[in-house]
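Here is my note on the model. Please read the points with the structure open beside you.

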Amino acid sequence: MTSPIVIIPARMASSRLPGKPLADIAGRPMIVHVLERALAADVGRVVVAAAEPEIVDAVREAGGEAVLTEPDLPSGSDRVHAALRQLDPSGRHDVIVNLQGDLPGLDPQTLRASLLPLDDPTVAIGTLVAPIRDEIEAQTDSVVKVACAFASESARTARALYFSRSRIPWGDGPLWHHIGVYAWRRAALERFVSLPEAPLEKRERLEQLRALEAGMSIGCARVAEAPFGVDTPADLERARRILGEQS
């Protein structure tokens, strides 16, 4: 691993919160908060992959780097890949961190942890998990769960065996909340975007299952707490309250 790049896909279209990348939080657009958290992680170059020119303008006005991508790309992973082809056609960046643009409260250390699974050369994709704290979280279908097992209390990484919106796995033991941050080996991202949607991916509405169904290995690094995402007006108000108090 020699030259990671962090790419943040962002688009204005959202069924539950239209225009959320530019939603004001403590005087700055949400996408700028995410950009600042990514820069603070000091992983490498940070670029926003925007679907609309107004997002590019907001990022550049804040001193960040952004590129414009086709608005109708099917997923964030496709947007990241399209941006990468613009930014780095020669292939200098060998690891691509896909950071969601709706995590304004992300701890920079959390972002750095996504790279840990790639210390294992057999892992194609790194991602993050945090402990599920209560039964409400376990039963909420917007919280994606991961079937993975850490070898010991001190083990920092484990293999992901399955992802689901259901409560998995069965039986006693810890449950893990998936955090949608991915550290891709470049070849893995290139392969992933060339694959068709997979049956379980369609059924669960989780694109990471396409990778598992294709035999690609996903490693999980555990962190103490899942960062809050902004998907609804209520989430936005929570983010404004928390980040407003911090500013």
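1. Start with a term. A residue is buried under 20% relative accessible area, exposed over 50%, and partly exposed in between, using a 1.4 Å probe and protein chains only. At 44% relative accessibility, S166 therefore counts as partly exposed.

2. Next, the ground rules. This is a predicted model, where local features need pLDDT of at least 70, side-chain atom pairs count only at pLDDT 80 or more, and totals for chains, interfaces and linings use all residues. Residues are numbered from 1 along each chain as its sequence is written, and side-chain values use heavy atoms, with hydrogens and water left out.

3. Stay with S166. This residue sits in the loop between β10 (162–164) and β11 (176–185). Helices (H or I, at least four residues) and strands (E, at least two) are DSSP runs, numbered from the N terminus. S166 and L73 are 93 residues apart in sequence, and their C-alpha atoms are 27 Å apart in space.

4. Now A226. It lies in the loop between β12 (218–222) and α9 (233–246). Its relative accessible area is 23%, so A226 is partly exposed. From A226 to T110 there are 116 residues in sequence, but 8.8 Å in space, C-alpha to C-alpha. Contact means heavy atoms within 4.5 Å. Setting aside neighbours within four places in sequence, A226 is in contact with A130, H177 and I179.

5. R186 belongs to helix α6 (residues 186–194). Is R186 buried or exposed? R186 is buried, because its relative accessible area is 16%. Beyond residues up to four places away in sequence, R186 touches L84, D88, G91, R92, H93, D94 and I96.

6. One of those partners deserves a second look. The side chains of R186 and D88 are joined by a polar contact of 2.6 Å. A polar contact is a pair of N or O atoms within 3.5 Å; within protein, one must be able to donate a hydrogen and the other to accept it, and residues adjacent in sequence count only if both atoms are side-chain atoms.

7. Step back to the whole protein. It has 9 helices and 12 strands. Its radius of gyration is 17 Å, close to the 18 Å that the globule rule gives for 247 residues, so the protein is as compact as a globular protein of that length. This radius is taken over C-alpha atoms, and the rule is 2.2 Å times the number of residues to the power 0.38.

8. Buried residues are 53% of the 247 in the protein. Among contacts with a separation of 6 or more, 68% link residues 24 or more positions apart.
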